[in-house]
Amino acid sequence: MEIVRNPTRSVAIGSIHIGAGHRIAVQSMTATKTQDIDATVAQVTDLEQAGADVIRIAVDSKKDAEALAEIRKQTSGNLSVDLQENYRLAELVAPHVDKIRYNPGHLYHHEREKPWQEKVEYIIGVAKDNDCAVRIGVNCGSVDPAKLALYEKDDSITPMLESAWEHCDLVDRLDFHRFCVSLKDSDPQKVIEVNRRFAEKRPDVPLHLGVTEAGMPPDGIIKTRIAFEQLIGTGIGDTIRVSLTVPNARKGEEIAAGRKILDDIAAGRVRTVVDYGLQTLNIISCPSCSRVENEAFVDLAAKVKEMTEYAKDHKITIAVMGCRVNGPGETDDADLGLWCGPSFVNLKKGGEPLGAFGYEEVLVKLKEELDQLIDAQTVG
C-alpha cells in the first residue's frame with residue numbers, strides 16, 4: 001500500500017523514493033459516471049495500463065456505492081474513494097477500496113447539528129475496521145467555514161493549514177496512523193507555500209501533491225511541474241496527481257505527465273520556475289471527472305482558451321469549472337468565473353453572479369466582460 005507514515009523526507013535523487021524504500025505513487029481519477037459500471041471498469045483498466053498506482057472514484061449516493069462494489073469485483077488495482085459530501089457512505093464503500101478520501105469542508109453538509117469531530121471519528125472507525133488508508137483532502141475552494149471566518153479574506157492559506165493540522169491532531173488521538181494529507185490550490189505558488197508550511201510542522205505526515213484545476217495541457221502540466229519541482233525537489237511529497245482538462249479517452253495523459261515530471265526531477269532535469277505574478281492571462285480549469293454534468297465543459301474550456309488569446313498580456317484570471325460541487329466556491333477568486341451545469345453555464349465576475357447562459361451564448365458574454373476588464377486596466 002502506498003500510504004505509509006515516514007519519519008524522514010529525504011529524497012534519493014535518481015530513484016524517486018521518499019525516505020527508506022518509499023516510492024512516490026501516481027494517482028488518477030475516473031471521469032465516468034460511477035453507476036455506469038462498464039464504462040468505469042474500462043477506464044480503471046485503462047488508467048492501470050497507463051501506469052496509475054492509485055485510482056480514485058467518486059461516490060455521491062448509495063447507488064454509486066452499490067456500483068462501486070461491482071466495479072471492485074471486476075478490477076484489481078488500488079482503489080481510492082472520494083466520499084464527496086456524504087460521510088455516512090464510508091461504511092458502504094470501505095469494504096471495496098484501499099483508501100478513503102474526505103474533505104474537512106464537506107463535513108458540514110450533512111447532519112449539520114453534529115460536531116465534525118464525531119464524523120471524523122466515524123470515518124476513522126470504518127477505516128480501521130476495513131484496513132483502509134485515509135486521505136484528509138483540504139481544497140482551496142471548500143475550506144472548513146469555521147476556519148475561514150477566523151482570517152482575512154485574502155489569506156487563503158492559513159485556514160487550510162489550521163484545518164489540516166486540527167484534523168491530523170484528532171486522527172492522532174484516535175490512534176490511527178495510515179493517513180495522508182493533501183492541500184490543493186489552482187495557483188502553483190500557493191500549493192508550494194501551503195505544503196512547505198505544513199511539512200515544517202508535521203514532517204511525519206505523508207503529503208499527496210497536486211495543483212487542482214490545473215487546466216488543459218500544456219499549461220496544466222507546466223503549472224503542476226512548477227509545484228512538483230519545488231516540493232519534491234526538497235523532499236516533500238509522497239503521492240501525486242496531475243489534474244488536466246482532457247476528454248475521458250485521454251485521461252492516461254495525466255499519468256504520463258506525472259511520470260515524466262518525476263523522471264525529470266530524479267535526473268535533475270528541472271526547468272526555470274515560471275513566475276505567475278507577471279502581468280499575464282491565467283486560465284484555470286478543473287480536470288474532467290465523474291462530477292462533470294455536461295461533457296461539453298471540456299470543449300468550452302478549450303474555446304475559452306482560444307477566444308481569450310488576445311488578452312494573454314493582461315493580468316486576468318479566468319476559471320472554468322465543470323460541476324456544482326467545486327464550481328461555486330472555486331470561481332470566487334477569479335476575475336471571471338464559469339461553472340458549468342447540465343444545460344447552462346453560470347458566469348461570475350469577481351465572485352458576483354452575472355447570470356446563467358447557454359454553452360455557446362456564454363462565450364459572447366465572457367468576451368464582453370473580459371473587454372471591460374482590459375479597458376479598466378488600460379485606463380488605470
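**Barrel, rings and site**

Analyst: Eight strands make a closed barrel in the order S3-S4-S5-S6-S7-S8-S9-S10, with parallel pairing. Keep in mind that this is a predicted model.

User: Ok, start with S3. How many bridges join S3 to S10?

Analyst: Two, and S3 and strand S10 (residues 239-240) run parallel. Alanine 25 has threonine 239 in S10 as its bridge partner.

User: And how many bridges join S3 to S4?

Analyst: Three bridges there, again parallel, with S4 covering residues 54-58. Glutamine 27 has valine 54 in S4 as its bridge partner. S3, helix H1 (residues 37-50) and S4 also form a right-handed β-α-β unit.

User: Which S3 residues point one way and which the other way?

Analyst: Ala25, Gln27 and Met29 go one way, Val26 and Ser28 the other. In a regular strand, side chains alternate between the two faces of the sheet. Five of the five residues in S3 (residues 25-29) are buried.

User: What about S8 and S9, parallel or antiparallel?

Analyst: Parallel: strand S8 (residues 179-184) and strand S9 (residues 207-209) pair over two bridges. Valine 181 sits opposite leucine 207 in S9.

User: Switching topic. How many aromatic pairs turn up in the whole structure?

Analyst: Two. One is tyrosine 87 with tyrosine 122, with ring centres 5.5 Å apart and planes at 85°; over 60 degrees counts as edge-to-face, so that's what this pair is.

User: Where do tyrosine 87 and tyrosine 122 lie?

Analyst: Tyrosine 87 is in the loop between strand S5 (78-82) and helix H3 (90-93), while tyrosine 122 is in helix H4 (residues 116-129), so the pair ties together parts that are 35 residues apart in sequence.

User: Which charged end sits over the ring of tyrosine 122?

Analyst: That of arginine 88, 4.5 Å from the ring centre. Tryptophan 165 has a charge over its face too: lysine 201, at 4.3 Å from the ring centre.

User: Now the annotation. Which residues does UniProt list for "binding site"?

Analyst: The unreviewed UniProt entry lists Cys286, Cys289, Cys323 and Glu330.

User: Take cysteine 289. Where is cysteine 289 found?

Analyst: In the loop between strand S11 (282-285) and helix H10 (296-307). Its relative accessibility is 7%, and buried means under 20%, so cysteine 289 counts as buried. Not counting residues up to four places away in sequence, cysteine 289 touches Met29, Thr30 and Ala31.

Definitions and conventions:
Residues are numbered from 1 along each chain as its sequence is written. This is a predicted model: local features need pLDDT of at least 70, side-chain atom pairs count only at pLDDT 80 or more; totals for chains, interfaces and linings use all residues. Side-chain values use heavy atoms; hydrogens and water are left out. Rings of Phe, Tyr and Trp (its six-membered ring) pair if their centres lie within 6.5 Å; planes under 30 degrees apart count as stacked, over 60 as edge-to-face and the rest as tilted. Helices (H or I, at least four residues) and strands (E, at least two) are DSSP runs, numbered from the N terminus. A charge sits over a ring if NZ of Lys or CZ of Arg is within 6 Å of the ring centre and within 35 degrees of the ring normal. UniProt positions are given in the numbering used here, feature names are shortened, and annotations may be inferred rather than shown by experiment. Buried means under 20% relative accessible area, exposed over 50%, partly exposed in between (1.4 Å probe, protein chains only). Contact means heavy atoms within 4.5 Å. Two strands pair if DSSP finds at least two bridges between them. A crossover is right-handed if, with the strands pointing away from the viewer, the path from the first strand over the helix to the second runs clockwise.
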